[in-house]
Amino acid sequence: MSIFEYNGSAIVAMVGKNCFAIASDRRLGVQLQTVATDFQRIFKVHDKLFIALSGLATDAQTLYQRLVFRHKLYQLREERDMKPETFASLVSALLYEKRFGPYFCQPVIAGLGDEDKPFICTMDCIGAKELAKDFVVAGSASESLYGACEAMFKPDMEPEELFETISQALLSSVDRDCLSGWGGHVYVVTPTEVKERILKGRMD
């Protein structure tokens, strides 16, 4: 078993019309044994920027703490929040720094940039960025997520439709992966508000 699949995870971010959604499953396991069913994988950097970390749960928590530290330093120095593109470069540099003993994480970054233009990207454990205009996926359920998102995504969705689409994609994908699931956690972010919702899924 790959170290990235040790705890299991499913993460997806999707772009809508001047908004974005980011979703994850809630299972924390040790291989096939479930340890927790309310595990947090999506973290808020600021009101318009979120990061989700798939992969090894311990590394995800460590990496998040280091990123919060770096972002707070940036806020003190610059007196403003970081743009999503800048934050993606920061995460990439932080991961590449540790390339000979990497954090076993695949981050997914989603945010609203200038003029509320949605930005999403993912990267591998050494910080090679992959930018997308529609959706990005990560985690042990990523293969089935690709298929579901490819089938369900359409451009310029309004926030409510985006929520439905990303939720259905997540729930149908985690049913195809025994290492992730147990409900979902969805954030829908618009220029004016952040909506957080918990999904109920199959409990097996």
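Aspartate 47 counts as partly exposed, at 48% relative accessibility (buried is under 20% relative accessible area, exposed over 50%, partly exposed in between, with a 1.4 Å probe and protein chains only). The model is predicted: local features need pLDDT of at least 70 and side-chain atom pairs pLDDT 80 or more, while totals for chains, interfaces and linings use all residues. Residues are numbered from 1 along each chain as its sequence is written, and side-chain values use heavy atoms, without hydrogens and water. Lysine 44 forms a salt bridge with aspartate 47 (a side-chain nitrogen of Lys or Arg within 4 Å of a carboxyl oxygen of Asp or Glu). The closest N and O atoms of this pair are 2.8 Å apart. Lysine 44 is also partly exposed, with a relative accessible area of 44%.

**Aspartate 204 and arginine 202, an exposed pair.** Both aspartate 204 and arginine 202 are exposed. They form a salt bridge, and their closest N and O atoms lie 2.7 Å apart. The whole structure has 12 salt bridges.

Aspartate 25 belongs to strand E2 (residues 20-25) and arginine 41 to the loop between strand E4 (33-36) and E5, so the pair ties together parts that are 16 residues apart in sequence. Strands (E, at least two residues) and helices (H or I, at least four) are DSSP runs, numbered from the N terminus. Aspartate 25 is buried, because its relative accessible area is 0%. Arginine 41 counts as buried too, at 2%.

**Phenylalanine 20, a buried residue in strand E2.** Phenylalanine 20 is part of strand E2. Its relative accessible area is 0%, so phenylalanine 20 counts as buried. When neighbours within four places in sequence are left aside, phenylalanine 20 is in contact (heavy atoms within 4.5 Å) with a list of residues including Met14, Val15, Lys48, Phe50, Leu162 and Tyr187. Glycine 111 is also among its contacts. Glycine 111 lies 91 residues from phenylalanine 20 along the chain, yet the two C-alpha atoms are separated by 7.3 Å.

**The open sheet that contains strand E2.** Five strands make up this open sheet, in the order E10-E1-E2-E11-E12, with antiparallel pairing (two strands pair if DSSP finds at least two bridges between them). Its edge strands, each pairing on one side only, are E10 (135-139) and E12 (194-199). On average, neighbouring strands are turned by 10° against each other, direction ignored. Helix H3 (residues 142-152) packs on the sheet and touches E1 and E10, its direction making about 160° with that of E10. Such axes are lines fitted to C-alpha atoms, for helices over the stretch in contact, and angles run from 0 to 180 degrees between N-to-C directions. Strand E1 (residues 10-15) is joined to E2 by five bridges, and the two run antiparallel. Valine 12 has alanine 23 in E2 as its bridge partner.

**The open sheet from E5 to E9.** A further open sheet has five strands in the order E5-E6-E7-E8-E9, and the pairing is antiparallel. Strand E5 (42-46) and strand E9 (129-132) are its edge strands, each with pairing on one side only. Neighbouring strands of this sheet are turned against each other by 20° on average, direction ignored. Strand E7 (residues 105-112) and strand E8 (residues 118-123) run antiparallel and are joined by five bridges. Leucine 112 stands opposite proline 118 in E8.

**The hairpin of E8 and E9.** Four bridges pair E8 with E9 in the antiparallel sense. Cysteine 121 has leucine 131 in E9 as its bridge partner. The two strands form a hairpin with five residues between them, and glycine 127 in the turn has a positive phi of about 90°.

**Helix H1 across E5, E6 and E7.** Helix H1 (residues 57-78) lies across E5, strand E6 (49-55) and E7. Relative to E6, the helix runs at about 155°. Phenylalanine 69 is located in helix H1. Phenylalanine 69 counts as exposed, because its relative accessible area is 52%.
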